[in-house]
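Open the model in your viewer and keep the sequence panel beside it. Each stop below says what to select and what is there.

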Amino acid sequence: MTRVSLFSSPLLLGFDHMERMIERAAKSGAEGYPPYNIEQIGEDGLRITLAVAGFAMSDLNITLEDNQLVIRGRQAEDKDRLYLHRGIAARQFQRAFVLAEGIQVTGAQLSNGLLHIDLTRPKPQPQVRTIQINAGDGSGEGRIGLGE
C-alpha cells in the first residue's frame, strides 16, 4: 500500500521539512512521562513546565536539535540504600517538543521539582519582494532575476 503525503501537491514546494516535523511531533506525543504543561506568558512568550520531582540539575539535560527541543533525565542509582519497598522508581526519560521556525529558548529553571523552560515566539514580519523579469536572448530561454 502506497502512503499518500499531505504535502505531495505540486503547489506546496519546499514543505517536505514540515511533513517531517509533523511526523516527529506525532511520535513524541505518545510519551506519557513526565507530565507537562504549556502556557502562554505575555504576548510572545511560552513556558513549558515538566514535573521532574526527584531529579537534580545534574540529572537533567536540555538540547535543541533541528527545531526539536529535547529534555532528558537520568538519575544515578544509589547502591548504598537497601529498600524494603520501592514505589518511586529512578527512571530515565526523554521528552521532545517540535518548535516552529523562529522560536527561541530563552532559559530554563528548576524549582520545587518543576523544570520551567521559557521560549519566545517572535512576531512575523511581512516581506514583499519584486521579481525582475529579464528579456530572453532569442534562444527561447529567458532569465529571471531577483530585484530588490
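What pLDDT does the protein average? The average is 82, and 72% of the residues score at least 70. pLDDT is the predictor's confidence in each residue, from 0 to 100. This is a predicted model, where local features need pLDDT of at least 70, side-chain atom pairs count only at pLDDT 80 or more, and totals for chains, interfaces and linings use all residues. Residues are numbered from 1 along each chain as its sequence is written, and side-chain values use heavy atoms, with hydrogens and water left out.

**Whole chain.** Show the cartoon. Helices (H or I, at least four residues) and strands (E, at least two) are DSSP runs, numbered from the N terminus.

Color by pLDDT. Select residues 114-120: strand E7 has the highest mean among the elements, 97. Then select 144-146: strand E9 has the lowest, 57.

**Surface.** The accessible area is about 11,500 Å², and carbon and sulfur atoms hold 53% of it. Areas come from the Shrake-Rupley method with a 1.4 Å probe; for residues, only the protein chains shown count as cover. Of the 148 residues, 22% count as buried, meaning under 20% relative accessible area, with exposed over 50% and partly exposed in between (1.4 Å probe, protein chains only).

**Gly32.** Select Gly32, in the loop between helix H1 (16-28) and strand E1 (36-41). Gly32 has a relative accessible area of 62%, so it counts as exposed. Gly32 and Arg95 sit 63 residues apart in sequence, but 8.8 Å apart in space, C-alpha to C-alpha.
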